[in-house]
Amino acid sequence: MKTLNADRRFTPTHGTLLLAVALEPKEIGARIKDARNRRGWTQLAFALEADVSPSTVQRWESGQLPPVRELMRIAELLEVEPEQLVEAPPTGEDQLGLLREEVGELREMVAQLLQRSA
């Protein structure tokens, strides 16, 4: 059985993020199930990896969420970022804003490169 580093430090960002969960518990449970399936694990195999009972995995996937620390551990076991489990996908407006920021940064980089080559 795989053991995790119990002394792992979580960043304040993760704590803030997980406290501001943007999704319904059932949606988070569905994401846990999807991540488990992507790993090719049955509920039993995941339960063994997580050192919990299969009924615990079933409860998580039905939307009865564990405490935040346990949710972080679940994400680590499933090899996904915690944000993938709990954040709503960005809206089109959010994505457009991020794209504009990236375009601005690229323009600055190109301008700097042109100045250096001149």
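The legends below describe several close-up views of a predicted model of one protein chain.

**Figure 1. The overall fold of the protein chain is built from helices and has zero strands.** From the N terminus on, the elements run α-α-α-α-α-α-α, which comes to seven helices. The protein chain has 118 residues, and buried residues make up 25% of them.

**Figure 2. Within helix α2, the side chains of Arg31 and Glu27 meet in a salt bridge.** Side chains of opposite charge can pair when their charged atoms come close. In this view the distance from N to O is 3.1 Å, and the two residues, being four residues apart in the helix, are separated by about one helical turn. Arg31 counts as buried because its relative accessible area is 17%, under the 20% cut-off, whereas Glu27, with a relative accessible area of 34%, is partly exposed.

**Figure 3. A salt bridge joins the side chains of Glu61 and Arg36.** The N to O distance of this pair is 2.5 Å. Glu61 lies in helix α4 (residues 54–61) and Arg36 in helix α2, so the pair ties together parts that are 25 residues apart in sequence. Both Glu61 and Arg36 are buried.

Figure 4. Arg73 is partly exposed, with a relative accessibility of 22%.

**Figure 5. Trp41, Phe46 and Trp60 form one aromatic cluster.** The structure holds two aromatic pairs, and one of them, made by Trp41 and Phe46, is stacked, with 5.7 Å from centre to centre and 20° between the planes. Trp41 is buried at a relative accessible area of 14%, and Phe46 is also buried, with a relative accessibility of 0%.

**Figure 6. Glu101, Glu102, Glu105 and Glu108 form a negative surface patch.** One of these residues, Glu102, has its place in helix α7, which covers residues 92–117. Glu102 is partly exposed, as its relative accessible area is 48%.

**Figure 7. Asp34 and Leu78 are 44 residues apart in sequence, yet their C-alpha atoms lie 9.8 Å apart in space.** Asp34 belongs to helix α2, which covers residues 25–38, and at 41% relative accessibility this residue counts as partly exposed.

Definitions and conventions
Residues numbered from 1 in each chain as written. Predicted model: local features only at pLDDT ≥ 70, side-chain atom pairs only at ≥ 80, totals over all residues. Heavy atoms only, no water. Patch = residues over 30% accessible without salt bridge, like charges linked within 9 Å, V, L, I, M, F, W, Y side chains within 5 Å. Areas by Shrake-Rupley, 256 points an atom, 1.4 Å probe, with all protein chains shown as cover. Salt bridge = Lys/Arg side-chain N within 4 Å of Asp/Glu carboxyl O. Lys, Arg positive; Asp, Glu negative; His and termini not counted. Charge placed at Lys NZ, Arg CZ, Asp CG, Glu CD. Buried < 20%, exposed > 50% of the residue type's maximum accessible area, 1.4 Å probe, protein only. Phe/Tyr/Trp six-rings, centres within 6.5 Å; stacked < 30°, edge-to-face > 60°.
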